[in-house]
Amino acid sequence: MPPTTRPPTPSPDVPPCGTGASSRPACAVYGAALGTGWSIESAGVKVVPAGIVPGTDQVALRVEPKEKTAFVALVATVAVTATTLRFRVYGGRVHGTVLRVTVAETASRPAAAPVVLTAPVDVWTAFELDLAELLPGRPLRRIDLVIATDMVPNAYRFFVDDVQLS
């Protein structure tokens, strides 16, 4: 009988993300509102947690870049284990939105190499990142979305929604 491969088991001291009334950070990082156990850090941007997406009645995390070093980070109160990060971005008008996405196991800004993602102008684009590649064998505490102003000359408002860990 061939050997079976089992998925890696999470470290016993780092629980998976929480659900419902759990005291752990939620797997739903941001939906219509910020998930339990998560906070937003930012610099060089105006962040509106329930901004109205143009032409709809949908609310999402509205990000309005003000400086070339603009970033938004979603930070968990404690580290959680997850294998996948999913989210959607509604690209900014004129040029769309280019983001450098990094994740970290601490609350500090990560020094890891980013994944570069592009969301076209004024449409929703879904992204899925494999955390096993970005944080091999480590828990997640921070998700950074850095606006790549060197790749897009004028960064305009954009929206982020349905940020989920699984």
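A nonpolar core is a set of buried Ala, Val, Leu, Ile, Met, Phe, Trp, Tyr and Cys residues joined through side-chain atoms within 4.5 Å. Buried means under 20% relative accessible area, exposed means over 50%, and partly exposed lies in between (1.4 Å probe, protein chains only).

The model is predicted: local features need pLDDT of at least 70, side-chain atom pairs count only at pLDDT 80 or more, and totals for chains, interfaces and linings use all residues. Residues are numbered from 1 along each chain as its sequence is written, and side-chain values use heavy atoms, with hydrogens and water left out.

**First stop: the core.** Select L85, F87, I143, V163 and L165; these residues have the most contacts inside the largest nonpolar core, which has 34 residues. In general, nonpolar side chains tend to be buried together in soluble globular proteins.

Next, select I143 alone. Which residues does I143 touch, not counting residues up to four places away in sequence? A contact here means heavy atoms within 4.5 Å. The residues touched by I143 are V29, W38, V72, A73, L74, L85, T102, V103 and V163.

**Second stop: the sheet.** Helices (H or I, at least four residues) and strands (E, at least two) are DSSP runs, numbered from the N terminus. Two strands pair if DSSP finds at least two bridges between them. Display the open sheet of five strands, whose order is β2-β5-β10-β7-β8, with antiparallel pairing. The strands β2 (38–43) and β8 (115–119) stand at the edges with a single partner strand each, so one side of each has no neighbour in the sheet.

Towards β8, strand β7 pairs in the antiparallel sense over five bridges, and L99 stands opposite L117. Is β7 mostly covered or mostly uncovered? Seven of the eight residues of β7 are buried, and the strand is mostly covered.

**Last stop: two aspartates.** Most residues other than glycine have a negative phi. Select D122, which lies in the loop between β8 and β9 (124–130); D122 has a positive phi of about 45°. Its relative accessible area is 31%, and D122 is therefore partly exposed. Finally, select D162 in strand β11 (residues 158–165). D162 also has a positive phi, of about 55°, and counts as partly exposed at 32% relative accessibility.
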